[in-house]
Each structure stands twice: as structure tokens, then as C-alpha cells.
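The sequence and structure are shown first.

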Amino acid sequence: MEEKKLELLHTITCKEYFDQKAYEGNSIGVEFQDFTEVNLFTENWSHVTEFYLNHLQYVQGKIGMHGAFIDLKPYSYDKYISDNSMFKYRMSLNMACLLEVDYIIFHSQLNPFIHNEMLIELDNTTHSKLFMDLMEEFHNFKGILCIENVYEQDPYLLLALMEKIDHPQIKVNLDIGHAHLSKNYSLEDWIDILGNRIAYCHFQWNDGTKDTHSSPTEEEIIEILKIFEKKDLNIPLSLEYFPQDITKEISKFQRAIEKGGLKFEI
């Protein structure tokens with residue numbers, strides 16, 4: 001079997017963790033999360049934008065950006081809440097266009113405690129329309145908008161939303177740490193159910209009880225990548241346990257691939 005290229009992205013919380021030398025020496029990408037800062041767009045954020053405009057040229061791999069998500073509900077029936085949420089979604093997409101990122105990530109914002117089928121259908125219809133409207137408005141965005149599973153323990157909730165949206169530039173960011181907290185569905189189940197809608201991955205782990213964004217061991221990397229290999233899933237992996245030394249992480253992945261006899265190469 002031919003080896004497949006495994007794309008790794010160094011996930012950083014802010015520009016201060018951008019290591020220019022590491023990117024120059026390795027064919028890795030970066031996902032920056034500065035624009036998730038809850039009050040950023042009420043302050044002077046030009047220095048953040050200027051920094052990435054001057055430094056992303058050094059990144060040889062894919063570029064991801066996490067959009068705003070804290071306390072937002074863009075499909076709220078309360079106009080004040082939806083207007084504020086949409087302002088932050090638009091500002092995030094403005095940054096994504098300006099910086100020409102390959103991926104922008106938004107949280108699903110799905111409420112897993114709603115069980116009324118009529119409300120679920122209404123929420124998904126409203127939610128779908130806002131994303132379709134955003135893609136029409138930001139037609140100059142050439143990347144992929146990824147919707148991330150967060151609180152939902154049932155992949156069918158996200159599947160129902162994705163089926164409503166059905167847009168070629170809107171895909172799923174599978175957060176495997178969040179999926180691992182699901183009580184009734186395994187990681188394999190999530191991949192089977194969401195299928196080719198998955199285009200990106202937040203790669204982080206936990207003990208199955210809390211979302212700790214822990215670094216996986218070599219054995220856990222082997223276990224996870226074996227599932228990816230079995231399901232023929234080869235997508236960019238954003239290391240959302242925020243490693244400080246990305247070079248060491250690359251070596252750890254290489255050892256895991258060799259030890260596990262996996263058909264991936266970095």
C-alpha cells in the first residue's frame with residue numbers, strides 16, 4: 001500500500017507562540033487561535049493581523065484559523081444575540097480572507113439538550129441559512145469553513161446540520177478529544193457517520209471523562225491513526241494540545257508511525 005502524506009499543523013493560542021525557525025525547517029502548518037479572544041474585536045487588533053501578514057509566508061504547510069466562538073449563538077431568535085454573534089463571525093471571516101487561510105473553524109453551537117424534533121429542525125434550517133448567506137457574502141474566501149463538534153455526544157446531531165447546509169466549502173472539523181467523551185459512539189462511529197464531510201481534525205486526547213486537551217502518547221497516536229487508516233481518512237491534523245516544541249512532536253509521530261507499521265509519512 002502506498003504511503004500517504006500526513007499533514008500536521010502546530011496549534012498556537014496566540015502569535016507569541018509562533019516559532020518562525022520551526023516552520024522554516026519543517027513542512028508543517030499552523031493553526032492560530034488569537035481571534036477567539038472574546039474581547040479582541042472591541043480593542044486594537046491591528047497588531048495581530050499585521051504579525052500574521054508578515055509571518056505566514058514562512059509556513060510551508062496548511063494554514064488554519066479558529067474563529068470566534070465564546071458565548072455566541074448566531075441562529076438565536078433574540079436579534080441582539082444573533083447580531084452580536086454574526087458580527088464576530090463576519091470579523092473572523094474578514095481575517096480569514098485577508099490572511100488567505102486554508103481553513104477557518106467555527107463551533108457547531110448545537111444544544112444537545114433540545115429533544116423537540118420541531119425545534120431541532122427549525123434550528124438547523126436557520127443555522128444552515130446563515131452559513132449559506134455567509135458563504136455568498138464572503139465569496140472571495142477560497143478555503144474551507146469547518147464546523148466543529150463540541151458538546152454534542154451524538155454525531156447524528158451534527159450530521160443533520162451538515163445535510164441541511166450541503167455546501168462544497170463547508171465541512172466538519174472532527175475534534176477527536178470531544179468525540180472521545182461521547183458515551184455511546186466510538187471514534188470509528190463518528191467517522192463512519194460523518195464520512196466524507198470530515199475535512200480537518202483537532203487532534204487532542206483525554207481519559208474519556210474531561211476535555212483536558214492532553215498530548216496523546218505514542219501508543220494512543222498509533223491507536224488513533226490505525227482507525228484513520230482503516231477508514232481511509234487522511235486529513236490535516238491540528239495538534240490542539242498546543243505543543244511547545246513542534247520538532248519533538250514531529251519526531252514522536254514519526255516513531256509512532258514506524259512502531260505501528262502505519263502507511264503514513266510526514
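What volume does the largest cavity have? The largest cavity has a volume of about 100 Å³. The model is predicted: local features need pLDDT of at least 70, side-chain atom pairs count only at pLDDT 80 or more, and totals for chains, interfaces and linings use all residues. Residues are numbered from 1 along each chain as its sequence is written, and side-chain values use heavy atoms, with hydrogens and water left out.

**Cavities**

The structure holds two cavities of 30 Å³ or more. A cavity is a set of points on a 1 Å grid over the protein atoms alone where a 1.4 Å probe fits but cannot get out, and lining residues have an atom within 4 Å of a point. Volume is the space filled by probe spheres set on the points, which are joined across faces, edges and corners.

| Cavity | Volume | Lining residues |
|---|---|---|
| Largest | about 100 Å³ | Tyr75, Leu110, Asn111, Ile114, Leu119, Ile120, Asp123, Asn124, Leu157 |

Helix 4 (residues 117-137) gives the largest share of the lining of the largest cavity, four residues. Helices are DSSP runs (H or I, at least four residues) and strands likewise (E, at least two), numbered from the N terminus. By class, the lining of the largest cavity has six nonpolar, two polar and one charged residue, while that of the second largest cavity has six nonpolar, one polar and two charged. Here Ala, Val, Leu, Ile, Met, Phe, Trp, Tyr, Cys and Pro count as nonpolar, Asp, Glu, Lys and Arg as charged, and the others, Gly among them, as polar.

**Aromatic contacts**

There are 13 aromatic pairs in the structure. Rings of Phe, Tyr and Trp (its six-membered ring) pair if their centres lie within 6.5 Å; planes under 30 degrees apart count as stacked, over 60 as edge-to-face and the rest as tilted. Phe18 and Phe51 are edge-to-face, because their ring centres are 5.8 Å apart and their planes stand at 85°. This pair links distant parts of the chain, 33 residues apart: Phe18 lies in the loop between strand 2 (8-12) and helix 1 (20-25), and Phe51 in helix 2 (residues 46-55).

One aromatic cluster is formed by Phe18, Tyr23, Phe32, Phe35, Phe41, Trp45, Phe51 and Tyr52.

Methods
1 Å grid on protein atoms, 1.4 Å probe; cavity = no way out; pocket = protein on both sides within 12 Å on 5 of 7 lines; lining within 4 Å.
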